[in-house]
Protein chains: 2
Amino acid sequence: MKRNAIVAQSGGPSPVINASLLGVLEACREFPDHIDRVYAAWHGVEGILLEELIDMADQDPEELRLLRTTTSAGAVGTCRYKLTEAQVEDFERIIDVMMAHDVGYFFYIGGNDSMDTAHKVSRLAVERGMELAATGVPKTIDNDVGDPGFKLIDHTPGYGSAARYWSYIVQNVNEENRGMSVSESVAVLQAMGRKSGWIPAASRLADPERQMPLQMYFAEGGHTLESLAENVNRELQRSGRCIVVVSEGFDVGGLGEMHDGFGHIEYGASQNTVAQAVVNYLNKVGLKSRGYATGQVPGVLQRSSSIHASTVDIEEAYRVGRKAVEVGVGEGSGWMATILRASDCPYGVRYDKVPLEEVAASARQLPAGWISPDGLDVSDSFLRYARPLIGEDWPRIPIEKGLQRFARLRISFIDRKLPEYVPVRFRAGD
Amino acid sequence: MKRNAIVAQSGGPSPVINASLLGVLEACREFPDHIDRVYAAWHGVEGILLEELIDMADQDPEELRLLRTTTSAGAVGTCRYKLTEAQVEDFERIIDVMMAHDVGYFFYIGGNDSMDTAHKVSRLAVERGMELAATGVPKTIDNDVGDPGFKLIDHTPGYGSAARYWSYIVQNVNEENRGMSVSESVAVLQAMGRKSGWIPAASRLADPERQMPLQMYFAEGGHTLESLAENVNRELQRSGRCIVVVSEGFDVGGLGEMHDGFGHIEYGASQNTVAQAVVNYLNKVGLKSRGYATGQVPGVLQRSSSIHASTVDIEEAYRVGRKAVEVGVGEGSGWMATILRASDCPYGVRYDKVPLEEVAASARQLPAGWISPDGLDVSDSFLRYARPLIGEDWPRIPIEKGLQRFARLRISFIDRKLPEYVPVRFRAGD
């Protein structure tokens, strides 16, 4: 019996999130006996709660093909709508909307939290006697989904592109920093990843031979502003310059910006970014020599830079999207499609499935053994792991009239079948 | 009679500064009856003062060819060594070094200050009875060299690439911002250019049809943090999101970071970047709706991103470097090679010369008529001017083993002929 499908994106985007969306869409068409219409929820789970569903059959096939190289989640949106066990009404609403639209397949592209949501939706559907195959598609530039042993997933789609961004901009900043004499000698760059150092670690891919005066400061800890300044001064004595990549999760002793559980900024005393705290500390008290530190905070640029998408990442994001559909149709509910490494050299992966439940509870930090003893670098094991993920060459981002040509989908919602609903977190007082 | 040449770079780099260097080097080889050896000064005028000169004939021709696509000034360095009339000893030293090495040609790649230095060196050489053709090669991403009428120069090499960076990242950030629902609704980006709004203005090239919720705040003024917040709130009411590109020269009423005349940071009360001041203001008191603002400070990334180099800019930077040699050999001392616009559509330029003296005193802001009446946008005249400068397609940045292959020159200095010298600004107490 044919049923409809909903696909939705959740959490911070990546340059390849839409490649997974395309993988889901194309694979759904290959199961015409199982899947009828495919709806994309506008802005993830918010679109399900609000019954804002877009019929993907309405779209121009050429625009859909462009999803492969369309960065971020502008095509159908994503959201940071947090769903906890307590939001019973929201969960019930999700099931109601899916039943109203005869949805038998739910593909959720996201990180740990989204896998948790997919898992809960899957369980609730069973309780309600509804046949629903809820399947996860992994996605996060943070690479923090999974287990320390890499048995659940080798790496998350999105990470390879963030890693490529960092390896490329650190190469560029090295040219810049090397060229600037002693007048601007310390370039401080702030990398994403509040709890794990996967992203700053990728800076080392810019320089696997370790010839740049590059220091990395991880969320995993071990350093303070004081020891950072000592390390920088030592490097300035040696080479006259330094590149500091600091995780936004680096502990600057209360001088930085704090985030709460929903990603909102909490105001500390100084309301500075970590990079600014480091720059101010170095320039005010830390630097022992001529020159000064400058701060760079790429922010969302590191997760939206289309031209830094890794070709390997694009392909894997697409494939894991396809795999999710195969799993959902063939194996039923409660799985996440995953990428496991077959070999390092030559690099090869295989696509498989793991229980949503196991992934939902996971949170992977950079393995301690992959951080160098001085806490400023990563090991060759990390390089062997991460190097294949950034690919070999530039991706082909189509250009039209000198600008990037991104997919432009028709955002019109299918007819609503249910009464209006205000999601729990949108209600007054929340 | 054959004489030697010195080429040097000065000030902040650009992705195409080395293309000008290559233009100078290649053109010098075409005047074998006039020019013998070409020396690059290591870190600009500092290299001349310290007699740190690199013989460019020693270099691998393949590495030299790579200069065309090698970003920033890592190849032979640049500097921010400021030379004022009072530094008589420094100027005398420059002439001494040039005489000692039989230098008859001086090509100085830089902005206003560098043209001023080249002009002074040119005059002093005449006073000392030395034959020296000092010639300027324009370079600055700021596009602030020149006159309001564009008679001295149409645009500076480097600006087209910075403009391309901004038009591309604003496209990417628009996808990101559009995708993020109301949870991260205001993306604030800080653009370089303390005194002029040329760089933030280029953001509009991302969206010539004016469909994005994009606002620009220029150094040229007209807005405050309060009016910025009002404008942002109005846009949030209309479209639920907003992209704010703010010049680092935007007046945040003492809440930002200040720079002195040498580009060094002066500490105000808050030691924040302008972007952070805007973000804090919006999140604390400014925003009237759900969601919050995030800050992006690309910093040196906007002047070092190789892949965002404009192919038009690369070619023009190369050509204007060549033109400088033709002018120096053919017309003698005291000129800057320049780019003048022949036509907008089809875009065409011609290379010419203007007196260094006139350029040295120039400082061009974004023409008032090119800023929209509400102070948040640029006019179509600006778009007609700037559009051709970003080119049509991605540049070809060579890749080797998955990384960018930049030129690597042999940095070994020719034998010194003069006693050691400590530049005025390097002396104790300065």
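**Reading a sheet and its helices in chain B**

Modeller: Start with α6(B): 21 of its 21 residues are buried, so the helix is mostly covered. Buried means 20 or more other C-beta atoms within 10 Å of the residue's own, with C-beta atoms placed from the backbone. This is a predicted model: local features need pLDDT of at least 70, side-chain atom pairs count only at pLDDT 80 or more, and totals for chains, interfaces and linings use all residues. Residues are numbered from 1 along each chain as its sequence is written, with chains lettered from A and ligands numbered from 1 in the order written.

Colleague: What span is expected for α6(B), and what does it reach?

Modeller: The expected span is 1.5 Å times one less than the number of residues. Helix α6(B) reaches 30 Å from first C-alpha to last, close to the 30 Å expected. Ser181(B) follows, with a positive phi near 55°.

Colleague: Which strands form the open sheet, and in what order?

Modeller: Helices (H or I, at least four residues) and strands (E, at least two) are DSSP runs. Strands pair if DSSP finds at least two bridges between them. Here the order is β7-β8-β6-β11 (chain B), with parallel pairing. The edge strands are β7 (214-217) and β11 (293-296) of chain B.

Colleague: How many bridges join β6(B) to β11(B)?

Modeller: Four. In one part of that pairing, Ala187(B) has Thr294(B) as its bridge partner.

Colleague: Where does α6(B) lie, and at what angle to β8(B)?

Modeller: Contact means C-beta atoms, placed from the backbone, within 7 Å. Axes are lines fitted to C-alpha atoms, for helices over the stretch in contact; angles run from 0 to 180 degrees between N-to-C directions. Helix α6 (159-179) lies across β6, β7 and β8 of chain B, at about 150° to β8(B). Helix α8 (225-239) of chain B also touches β6, β7 and β8, at about 160° to β8(B).

Notes:
Two residues are in contact if their C-beta atoms, placed from the backbone, lie within 7 Å. A residue is buried if 20 or more other C-beta atoms lie within 10 Å of its own, exposed if 12 or fewer, and partly exposed in between; C-beta atoms are placed from the backbone.
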